[in-house]
Amino acid sequence: MTTIEGNLLGVRTRITQACARAGRDATDVKLLAVSKTFAPAAVTEALAAGQHAFGENYIQEGVEKILSLRASHPAAALEWHCIGPVQSNKTRLVAGHFDWVQSVDRLKIAQRLSEQRPVEMPPLQVCLQVNVDGGPTKSGVAPAELPALAMAVAALPRLTLRGLMCIPEPADTFEAEQAVFLQAKALFDDLKARGLALDTLSMGMSDDLDAAVAAGSTMVRVGRAIFGSRAPRA
Ligand SMILES: *Cc1c(COP(=O)(O)O)cnc(C)c1O
């Protein structure tokens, strides 16, 4: 067994156990493998171990990886998620290559993505990034502004709004992690109560996925626990 294969098994076991503790069905939580900074070969290895959804933070790097893997795996059901900040000058690349974008936090960016999504591609699947714990330097829409943004994004023709994504500050205890994730869950439920058909609450990473699953996450985004530690970005 390769290291990545073994790590993937370990992460899937963690998800299954966290679901069991929370009385949830393990099939309710999707695993997104965050392959940022790792070479296409690492993605190929994870693919061979049954992993199909991958997340990238840096758009240029992500697009290069998408193109290289689509060339060698033309028929593979690879699903690519953009999970990093999207500036206006990068929306065309995101709209033209990714299947999902989870880091939308402004209407202007969403409008550009909708306008630029090629007609021959299915609608771009979107999560809104919400700044649940109010971290001052972080991206994400403020909770108070979320409902208006969600309604406006849901109305854009070439996007499908799927849910929310959040990246809380690291916390010291399971309870503290879970408390922030429960706030995100409440925002998610509130949007659904307003009539939006959402199915994705993307939260939880290598260090805090157990608390995220306990709070209702439907997608965990895991990098280091699958691919190993990342070299600092040059
Ligand atoms: C890097 C990253 C992850 C994965 O983090 P790990 O700690 O490596 O599991 C998840 N989500 C986002 C938005 C990231 O940037």
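A pocket is an open set of points, on a 1 Å grid over the protein atoms alone, with protein on both sides within 12 Å along at least five of seven lines, and its lining residues have an atom within 4 Å of a point. Grid points are joined across faces, edges and corners, and a volume is the space filled by probe spheres set on the points.

This is a predicted model, in which local features need pLDDT of at least 70 and side-chain atom pairs count only at pLDDT 80 or more, while totals for chains, interfaces and linings use all residues. Residues are numbered from 1 along each chain as its sequence is written, and side-chain values use heavy atoms, with hydrogens and water left out.

**Stop 1: the largest pocket.** The largest pocket holds about 350 Å³ of space. Select Lys36, Asn57, Ile167, Met205 and Arg230, which are the closest to its centre among the 19 residues that line this pocket. Its lining comprises 7 nonpolar, 7 polar and 5 charged residues, where Ala, Val, Leu, Ile, Met, Phe, Trp, Tyr, Cys and Pro count as nonpolar, Asp, Glu, Lys and Arg as charged, and the others, Gly among them, as polar.

**Stop 2: the ligand.** Next, select the residues that surround the ligand, among them Val34, Lys36, Asn57, Ile83, Arg221 and Arg230; each has a heavy atom within 4 Å of the ligand. At Gly223, a polar backbone atom is 2.8 Å from an oxygen atom of the ligand. Taken alone the ligand exposes 390 Å², of which the protein buries 93%, with accessible areas calculated by the Shrake-Rupley method with a 1.4 Å probe.

**Stop 3: the second largest pocket.** Move to the second largest pocket, with a volume of about 170 Å³, and select its lining, which includes Lys138, Pro168, Glu169, Asp207, Asp208 and Arg224. By class this lining has 5 nonpolar, 1 polar and 6 charged residues.

**Stop 4: the cysteines.** A disulfide is a pair of cysteine sulfur atoms within 2.5 Å, and the whole structure contains 0 disulfides. Cys166 is buried (under 20% relative accessible area, with a 1.4 Å probe and protein chains only), at a relative accessible area of 2%.

Terms used
Buried < 20%, exposed > 50% of the residue type's maximum accessible area, 1.4 Å probe, protein only. 1 Å grid on protein atoms, 1.4 Å probe; cavity = no way out; pocket = protein on both sides within 12 Å on 5 of 7 lines; lining within 4 Å. Polar contact = N/O pair within 3.5 Å; in protein donor to acceptor, adjacent residues only side chain to side chain.
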